[in-house]
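Please look at the chain as a whole before turning to its details. The text below walks through it step by step.

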Amino acid sequence: MIDLGSSLWVKKRKVRAEMVNRGSHGSGGLFSGRFHARKLTPSVITFYTIIMFAFSIFFFLFYARNVTLDQDPRRPLLSRQSNPHQVPELHAHYAKQLWDSPFNHSLHQCVEPTTKYKAAKGFDRYLTVRSNGGLNQMRTGISDMVAVAHMMNATLVIPQLDKRSFWKDSSVFSDIFDEIHFIESLKGDIRIVNELPKNLEGIPRARKHFTSWAGVGYYTDLTRLWSDYQVIHVAKSDSRLANNDLPLDIQRLRCRAMYQALQFSPPIENLGKRLVDRLRTHGGRYIALHLRYEKDMLSFTGCAYGLTDAESEELRILRENTNYWKVKKINSTEQRIGGFCPLTPKEVGIFLRALGYPPSTPIYIAAGEIYGGNTLLSELSSRFPNLIFKESLATPEELKDFTNHASQSAALDYIICVESDVFVPSYSGNMARAVEGHRRFLGHRKTINPDRKGLVGIFDKLETGVLEEGRELSHMVQRLHKNRQGAPRKRHGSLPGVKGRARFRTEESFYENPYPECICGSISKLQIT
């Protein structure tokens, strides 16, 4: 008879022995048998994959942040933008670079005459002048005539202003300038009277067209006319005096006339200052943009890029019918490639965004009527919606006296541009040069001069799709304009290879940069802007 209990006990012993034997071989062992790993389900695998991926992303972002913080602090930090019109903007730490004036090397104004200087004494000789051109062409011309009156030892009669040019402004001298201040301010230099004495109104006068960019010798020779005439009438006042190689006292007299004597009339000066205060209240810092995209300038320069055939023809007809514009046939394409055309509103918008100015930047538009109206202007406002005009800054009551007086209106623009944090001219015309020179005289306030010739190639690449608005464009524009922001430098002379009297036309205007005659100080190294 079989003992079932014994039999079961024997089987258990055998099983235990086999398990022990397996545990003594390899890595499976007893515990491997007891705790055999479960097979992972797809949902568990997915969960662990997500956890690992999230950890990897966190680690990457943390590492990238540390790399950014370790960058060279002199380089602007750029961020990507989602708007296709937006380009990388400067980090807040560098934002002040957009607004700060360039280092001026402790330069200062110096317009006082030297110890050898003597006032003119020609009380019985009179110089009458008809100023020509727009506001700033007349201002520089009048300043030159002050110097000419001194060189010719003459009394200057208050100049007549241009009423026949494109603007057809009927303003007289006292409407635009503070006549009493003008006379009193220069009484230590020349004698100035409101009008000719009655007994001289009917006598014969010597009528002269003074040569352009003349020097002291030319005007010294003309003094021989005083032996036959008591009155000399000057038919045109613009560019009648050389930019360079004049006596220091003559150059400083020009500065005293331009920057001290030719103050605007009290109504213009007071309203101009109020408008500047409103701009400051409106947005703090602001850019003054001289947007010279006006009918007369486009016609004069022959620039028709981006215009319709009908608009181009309209500009051509205006040029043909304007007698005092000598050049009639102009190749628009060559003008643009040479950098002789004003930037379009769209190009200005691209330019300012590439420099790093944010879309919220307040921009005062110093201009007359933009050719093409709101259609073209919208290509600027789409990038910078905070555009400000006189009409939105002043009340209709304040502006009513300026209606149909282009020169008085331009005087308001001049004040706002001189006082701006940044001045940007879209074209280097008379106002742009006068404002830049005045800002240099006041301490080299920031003025950004677009390199129009250099920008043409960039804009063409944008137009053809070779380049897009963004980081690369921003770097290109910023490099191109690193040294074009109004830093102190000496006035440029004539272009190389230009000879004869033609070289005077290529010189930088005295009133665009009155350094070194009217701006003094020691500079060991000047930046070329």
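**Rings, sheets and cores**

At 5% relative accessibility, Phe264 counts as buried; buried means under 20% relative accessible area, exposed over 50%, and partly exposed in between, with a 1.4 Å probe and protein chains only. The model is predicted, so local features need pLDDT of at least 70 and side-chain atom pairs count only at pLDDT 80 or more, while totals for chains, interfaces and linings use all residues. Residues are numbered from 1 along each chain as its sequence is written, and side-chain values use heavy atoms, with hydrogens and water left out.

Start with the aromatic rings. Rings of Phe, Tyr and Trp (its six-membered ring) pair if their centres lie within 6.5 Å; planes under 30 degrees apart count as stacked, over 60 as edge-to-face and the rest as tilted. By this rule the count comes to twelve aromatic pairs. In one of them, the ring centres of Phe177 and Phe264 are 6.0 Å apart and the planes stand at 15°, so this pair is stacked. The pair links distant parts of the chain, 87 residues apart: Phe177 is in the loop between helix H5 (173-176) and helix H6 (179-185), and Phe264 is in the loop between helix H8 (248-261) and helix H9 (266-283). Helices (H or I, at least four residues) and strands (E, at least two) are DSSP runs, numbered from the N terminus. Phe177 is buried, with a relative accessible area of 1%.

How are the rings of Phe264 and Tyr414 arranged? Their centres are 5.8 Å apart and their planes are at 75°, so the pair is edge-to-face. This pair also links distant parts of the chain, since Tyr414 lies in helix H17 (residues 406-418), 150 residues from Phe264. Tyr414 is buried at 2% relative accessible area. Ring pairs link Phe173, Phe177, Phe182, Phe264 and Tyr414 into a cluster.

Charged side chains also meet rings. A charge sits over a ring if NZ of Lys or CZ of Arg is within 6 Å of the ring centre and within 35 degrees of the ring normal. Arg139 lies over the face of Tyr414, at 4.4 Å from the ring centre. Elsewhere, the charged end of Arg336 sits over the ring of Tyr305, 3.7 Å from its centre.

Next come the sheets. Two strands pair if DSSP finds at least two bridges between them. An open sheet of five strands has the order S4-S3-S2-S6-S5, with parallel pairing. Its edge strands are strand S4 (192-193) and S5, each of which pairs on one side only. Strand S3 (residues 155-157) runs parallel to S4 and is joined to S4 by two bridges, and Leu156 stands opposite Ile192 in S4.

Strand S6 (residues 231-234) is covered on both faces: Val231 and His233 on one side and Ile232 and Val234 on the other are all buried. Strand S2 (residues 126-129) runs parallel to S6, with four bridges between them; here Thr128 stands opposite His233. Strand S5 (residues 206-208) is parallel to S6 as well, with three bridges, and the partner of Arg207 in S6 is His233. From S5 the chain passes through helix H7 (residues 216-222) to S6, and this β-α-β crossover is right-handed; that is, with the strands pointing away from the viewer, the path from the first strand over the helix to the second runs clockwise.

A second open sheet has four strands in the order S9-S8-S7-S10, again with parallel pairing. Strand S9 (387-388) and strand S10 (422-425) stand at its edges with a single partner strand each, so one side of each is left without a neighbour in the sheet. Strand S8 (residues 363-366) and S9 pair over two bridges, and Ile363 has Leu387 as its bridge partner in S9.

Which residues have the most contacts inside the largest nonpolar core? They are Leu127, Phe182, Phe210, Tyr219 and Phe264, in a core of 78 residues. A nonpolar core is a set of buried Ala, Val, Leu, Ile, Met, Phe, Trp, Tyr and Cys residues joined through side-chain atoms within 4.5 Å. Helix H4 (residues 135-151) gives the most to this core, with nine residues. Apart from it lies another core, of 40 residues, among them Ile287, Leu298, Leu355 and Leu380.

Met145 is found in helix H4 and counts as buried, at 0% relative accessibility. Not counting residues up to four places away in sequence, Met145 touches Leu127, Val129, Phe210, Val234, Ser237 and Arg240, where contact means heavy atoms within 4.5 Å.
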